[in-house]
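Colleague: I am new to this one. Please pick a single part and take me through it closely.

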Amino acid sequence: MIRTARDEDYPQVFALLRQLWPWLTRDMEIQKQSYLASLDANGEYAICAVEGDRVVGFCAFSQMNSYVCNGSVFYISTLVVDSGCKRQGIGRQLIDKVRAIALEKGVKSIGLDCGPHRKESHAFYQSVGFEKDGLFFSMGVR
């Protein structure tokens, strides 16, 4: 089942984030503030894939204006499925829910970025309809 993320999901979501980015050392309580703030933010969305009382997938995305698309777009900042639950259609269900919300909100496009080393993820994204159409650049601000 796919549903809106809740406050009480955070410990399980944090565990999923550690699977996605194991090299990041983050304090669980500090990260929790960011998670809770995103649940209440306008234009921010967070959904969970749940089996029983277990969170097995998580997706966070934002709505923003795009001059290129001449309207609203969604940007998926996080998509993760528990490593023990991959290849069971959970990622596809999360993307389908994002797509359904996009249609409901009149969003014109959905985008995301993915590390160059994540070849399996690239294949997954292409299999659900994403096209590889650019590069992602980032810069730290201190």
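Modeller: Start with Asp9, which counts as buried because its relative accessibility is 4% (buried means under 20% relative accessible area, with a 1.4 Å probe and protein chains only). The model is predicted: local features need pLDDT of at least 70, side-chain atom pairs need 80 or more, and totals for chains, interfaces and linings use all residues. Numbering runs from 1 along each chain as its sequence is written, and side-chain values use heavy atoms, without hydrogens and water.

Asp9 sits in the loop between strand 1 (2-4) and helix 1 (DSSP runs numbered from the N terminus: H or I of at least four residues for helices, E of at least two for strands). Its side chain reaches the backbone nitrogen of Arg6 at 2.7 Å. Leaving out residues up to four places away in sequence, Asp9 touches Arg3, Thr4, Tyr35, Cys48 and Val55 (heavy atoms within 4.5 Å).

Now helix 1 itself. The helix spans residues 10-20 and gives three residues to the lining of the largest cavity, the largest share. That cavity holds about 50 Å³ (points on a 1 Å grid over the protein atoms alone, where a 1.4 Å probe fits but cannot get out). The structure has one cavity of 30 Å³ or more. Its lining is Phe14, Leu17, Arg18, Trp21, Leu24, Arg26 and Gln31 (an atom within 4 Å of a point). Four lining residues are nonpolar, one is polar and two are charged (Asp, Glu, Lys and Arg count as charged; Ala, Val, Leu, Ile, Met, Phe, Trp, Tyr, Cys and Pro as nonpolar; the others, Gly among them, as polar).

Notes: 1 Å grid on protein atoms, 1.4 Å probe; cavity = no way out; pocket = protein on both sides within 12 Å on 5 of 7 lines; lining within 4 Å. Points joined across faces, edges and corners; volume = space filled by probe spheres on them. Buried < 20%, exposed > 50% of the residue type's maximum accessible area, 1.4 Å probe, protein only. Polar contact = N/O pair within 3.5 Å; in protein donor to acceptor, adjacent residues only side chain to side chain.
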